[in-house]
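Here are a few notes to go with your first look at this one. Have the viewer open and click along as you read.

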Amino acid sequence: RHGVGVEFAVFRVDAGADSDAGPTHRAHGPDHCRIGRAVVLCAGESFPLHIVLVLDGSRSMAGESTEALKREMHQLVDRLDLANDPTTSMAVVEIHQPSKRLCALTNDPTEVHACIDRLAADGGSDIAGAVGIGIETIRAGRASGHDRDSIREVLLVVTDGGNTEGCGPLMFIAGQAKDQGILVMSACVTSGCEVV
């Protein structure tokens with residue numbers, strides 16, 4: 001921020017990947033759907049930032065995939081340095097069936113870390129439901145006292161790609177987010193996600 005830019009570090013979260021290897025950039029094609037880093041440049045601008053982490057807590061994530069996901073999300077929270085930036089808030093939504101919010105938007109990094117650690121890795125995967133909860137969470141955050149037009153709102157969806165409810169509902173709810181000016185970013189936990 002403040003002329004430097006805002007970096008959303010969406011790291012490689014492949015199970016067994018070397019977390020020190022650094023971020024990887026998105027490759028093209030159905031077998032390469034990992035996002036490494038997205039940078040939003042905001043030269044000369046300062047603004048409130050609301051980020052909802054929509055994280056896969058379904059059964060297919062059990063084991064190292066979930067542990068890798070948690071590690072990378074903890075790193076993201078640390079890099080955003082909430083304790084020294086009162087205008088940035090984060091929330092956590094778990095992709096499940098039904099999906100659920102683990103914590104509302106907060107500027108408390110300890111609370112965000114605790115919510116990430118609560119990911120269950122069992123049950124089904126309703127990504128559309130989780131994105132819907134993410135939108136509701138963002139809407140609630142608009143009452144934070146900041147000017148609505150000044151808030152940058154982000155849904156960061158991190159999943160292994162399995163979706164019990166199919167693509168139709170997901171595309172519909174993602175369109176609703178877009179219509180509200182919410183930036184939806186996605187990252188794949190494995191190399192097998194379907195590119196839509």
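**Notes on loops, backbone and charged pairs**

1. Start with aspartate 81, which sits in the loop between α1 (64-80) and β4. Helices here (H or I, at least four residues) and strands (E, at least two) are DSSP runs, numbered from the N terminus. Aspartate 81 is not a glycine, yet its phi is positive, about 50°. Its relative accessible area is 36%, which makes aspartate 81 partly exposed. For reference, buried means under 20% relative accessible area, exposed means over 50%, and partly exposed is in between (1.4 Å probe, protein chains only).

2. A word on what you're looking at: this is a predicted model, where local features need pLDDT of at least 70 and side-chain atom pairs count only at pLDDT 80 or more, while totals for chains, interfaces and linings use all residues. Residues are numbered from 1 along each chain as its sequence is written, and side-chain values use heavy atoms, with hydrogens and water left out.

3. Where is alanine 121? Look in the loop between α2 (109-117) and α3. Alanine 121 also has a positive phi, near 60°, and is a residue other than glycine. With 15% relative accessibility, alanine 121 counts as buried.

4. Next, the peptide bond between glutamine 97 and proline 98: it is cis, with omega about 5°. Proline 98 belongs to the loop between β4 (88-95) and β5 (100-106). As background for these backbone points, most residues other than glycine have a negative phi, and most peptide bonds are trans.

5. How many salt bridges does a search of the whole structure find? The count is 3. The term means a side-chain nitrogen of Lys or Arg within 4 Å of a carboxyl oxygen of Asp or Glu. In general, side chains of opposite charge can pair when their charged atoms come close.

6. One of these pairs arginine 71 with glutamate 64, at 2.7 Å from N to O. Arginine 71 is partly exposed at 35% relative accessibility, and glutamate 64 is partly exposed too, at 33%.

7. Another salt bridge links glutamate 94 and lysine 100, with 3.7 Å from N to O. Glutamate 94 is buried, at 0% relative accessible area, whereas lysine 100 is partly exposed, at 40%.

8. Finally, arginine 142 and glutamate 153 form a salt bridge at 2.8 Å, N to O. Arginine 142 lies in the loop between α3 (127-141) and β6 (152-159) and glutamate 153 in strand β6, so the pair ties together parts 11 residues apart in sequence. Glutamate 153 is buried, at 3% relative accessibility.
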